[in-house]
Amino acid sequence: MFPSLSLRPPNPTAICHISVTDNNPLPNSDPIPPLRIAIIGFGNYGQFLAETLISQGHILFAHSRSDHSSAARRLGVSYFADLHDLCERHPDVVLLCTSILSIENVLKTLPFQRLRRNTLFVDVLSVKEFAKTLLLQYLPEDFDILCTHPMFGPQSVNSNHGWRGLRFVYDKVRIGEDRLRISRCESFLGVFEREGCEMVEMSVTDHDKFAAESQFITHTLGRLLGMLKLKSTPINTKGYEALLDLAENTCGDSFDLYYGLFVYNKNSLEVLERIDLAFEALRKELFSRLHGVVRKQSFEGEAKKVHVFPNGYENDASLDMMRSEDVAVKYEYDPQVSGSVNDGSRLKIGIVGFGNFGQFLGKTMVKQGHTVLAYSRTDYTYVAAKLGVSYFSDLDDLFEEHPEVILLCTSILSTEKVLKSLPFQRLKRSTLFVDVLSVKEFPRSLFLQTLPQDFDILCTHPMFGPESGKNGWNDLAFVFDKVRIGMDDRRKSRCDSFLDIFAREGCCMVEMSCAEHDWHAAGSQFITHTVGRLLEKLSLESTPIDTKGYETLLKLVENTAGDSFDLYYGLFLYNPNAMEQLERFHVAFESLKKQLFGRLHSQHSHELAKSSSPKTTKLLTS
């Protein structure tokens, strides 16, 4: 008589966190007796787990379809080319590290009769209901079953510098009730607990529901970004760098893994449809608004005066310039040259548009000792007083103070209207005008078209905002183009003094033409905002089994959702390269869906052919 078995019914609410409070993994002073663990499937992931299992003193055997004997010798693992030989070594634990697509065939070929009758079987698949069903179907009833999912791999562990804080999800599907079998299961889980993993006990049903939301969405977007062949630019934002990392991490996984997440998690199809609907809603929102602009222009007879892409550079040779990182010129801040901010280098700066971004910049300018004046359509008198800024409710009054610099912090959509309403006659004739818009060819053209010829023009783009710059501006990119600066030393010095505001805060100063900026920004900033807006429409929430990649996406949503839709629409409307990027994203998504459904169709056709072949043979022989 064998000890009774415990087949635990799914409990969707049972989530158990085992935390490690020290700065180090659990101490090795209380050693756990070594387990004899057989790894079936000794590819990258099997070898990845084996390194830690060996380091903790466990005894390892391995088998794989491909010959990994040399890797096994290097790690100190006994390798077996024959499964029967391996199973006759009577491992305590059989650890299945096969792919989602091959696990059923592997289970069918295992010589269970060679194993002890109470062996513990563990899987590490990314889908859990499928794995549980197969293990219950194929394993003898006296075998123990532990379904697990380490929510990490070699890539994420490298970037995390170890397993500490990474989630390990498990479900004790069937564990014998005697002390030895319970202890063996706990010893296996202890492998991950000792490395500092966040241990999460969860039913396989709950896991798959959460994983479809987090892991499948992460892999889908990672694959999409990989298909776009995104590259680092001289003006990367933190959000864009996170997307580049996501693409690199997910594209390191095989398409089989992604396809398995889609086919064998019943929740994934619904999630894919939600992504599809969200992207279509986003495109519709952009195009309907664009349609409204063009329609309004047509009815007002202004189509020739106001362009949909006001930069006027369509088919311009400047857009066909050599596009490489060599074009970007790094502006180096030398404190010995610039010195401290003194009376000679202090500026009187007039900020037009004193909303969140204007206040964000004004705070640092005041801190550095510059005199800041401000005007906005909304009354910000109280906020300005708190920041040490002089607030004016009348633009004429502000301009009569003769600021040396006028800093436009308006939205993209309102810039033209604001610029045309400014009382230039109140200013000194050599005033420096600066913008901080996220598109650059548009304000450049607008400035050259609208400003008096004796005014200086500096087009800039701080590649950060109140959220990403809340802990300081160090190493954040600040892009600028000296469009028109007077030749005399005083005007050059004034321009440099303004740039020094950002250089002093540690910004990475990048001098770049407006055309080059917009080409890079369409590939980085517009894509980042598109992904953020898309995810926002999905109403994503944190789950108990978030991966690092999914946490990155949640952070991106948080950052981009703080910006108005007007900003995103402005990036689309006033950057001539944005439409191409939106279409590339659309084509990539359609291609990815075609890959998934095409393979699904082929698999179904193959299974139909297999199931009908005996009947066909019978008909042919009769």
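Modeller: Helices (H or I, at least four residues) and strands (E, at least two) are DSSP runs, numbered from the N terminus. The model is predicted, so local features need pLDDT of at least 70 and side-chain atom pairs count only at pLDDT 80 or more, whereas totals for chains, interfaces and linings use all residues. Residues are numbered from 1 along each chain as its sequence is written, and side-chain values use heavy atoms, with hydrogens and water left out.

Biologist: In which helix do lysine 555 and glutamate 558 both lie?

Modeller: The side chains of lysine 555 and glutamate 558 meet in a salt bridge at 3.8 Å, N to O (a side-chain nitrogen of Lys or Arg within 4 Å of a carboxyl oxygen of Asp or Glu). An α-helix has 3.6 residues a turn, so residues three or four places apart point the same way. Lysine 555 and glutamate 558 are three residues apart, about one turn of the helix, and both lie in helix H20.

Biologist: Is glutamate 558 buried, partly exposed or exposed?

Modeller: Buried means under 20% relative accessible area, exposed over 50%, and partly exposed in between (1.4 Å probe, protein chains only). Lysine 555 has a relative accessible area of 39% and is partly exposed. Glutamate 558 has 47% relative accessibility and therefore counts as partly exposed.

Biologist: How far apart in sequence are the parts that arginine 494 and aspartate 456 tie together?

Modeller: Arginine 494 forms a salt bridge with aspartate 456, with the closest N and O atoms 2.9 Å apart. Arginine 494 counts as buried because its relative accessibility is 7%, and aspartate 456 is buried at 2%. Arginine 494 lies in helix H18 (residues 489–504) and aspartate 456 in strand S17, so the parts tied together are separated in sequence by 38 residues.

Biologist: Which residues have the most contacts inside the largest nonpolar core?

Modeller: A nonpolar core is a set of buried Ala, Val, Leu, Ile, Met, Phe, Trp, Tyr and Cys residues joined through side-chain atoms within 4.5 Å. The largest such core has 107 residues, and its largest share, eight residues, comes from helix H11 (residues 268–300). Those with the most contacts inside this core are Leu96, Leu422 and Phe433.

Biologist: How is the ring pair of phenylalanine 433 and phenylalanine 455 classed?

Modeller: Rings of Phe, Tyr and Trp (its six-membered ring) pair if their centres lie within 6.5 Å; planes under 30 degrees apart count as stacked, over 60 as edge-to-face and the rest as tilted. The rings of phenylalanine 433 and phenylalanine 447 have centres 6.2 Å apart and planes at 75 degrees, so that pair is edge-to-face. Both phenylalanine 433 and phenylalanine 455 are buried. Their ring centres are 5.5 Å apart and their planes at 20 degrees, so this pair is stacked.

Biologist: What is the distance between the C-alpha atoms of alanine 561 and histidine 529?

Modeller: Alanine 561 has its place in helix H20 (residues 548–561) and, at 35% relative accessibility, counts as partly exposed. Along the chain, alanine 561 and histidine 529 are 32 residues apart, and their C-alpha atoms are separated by 8.9 Å.
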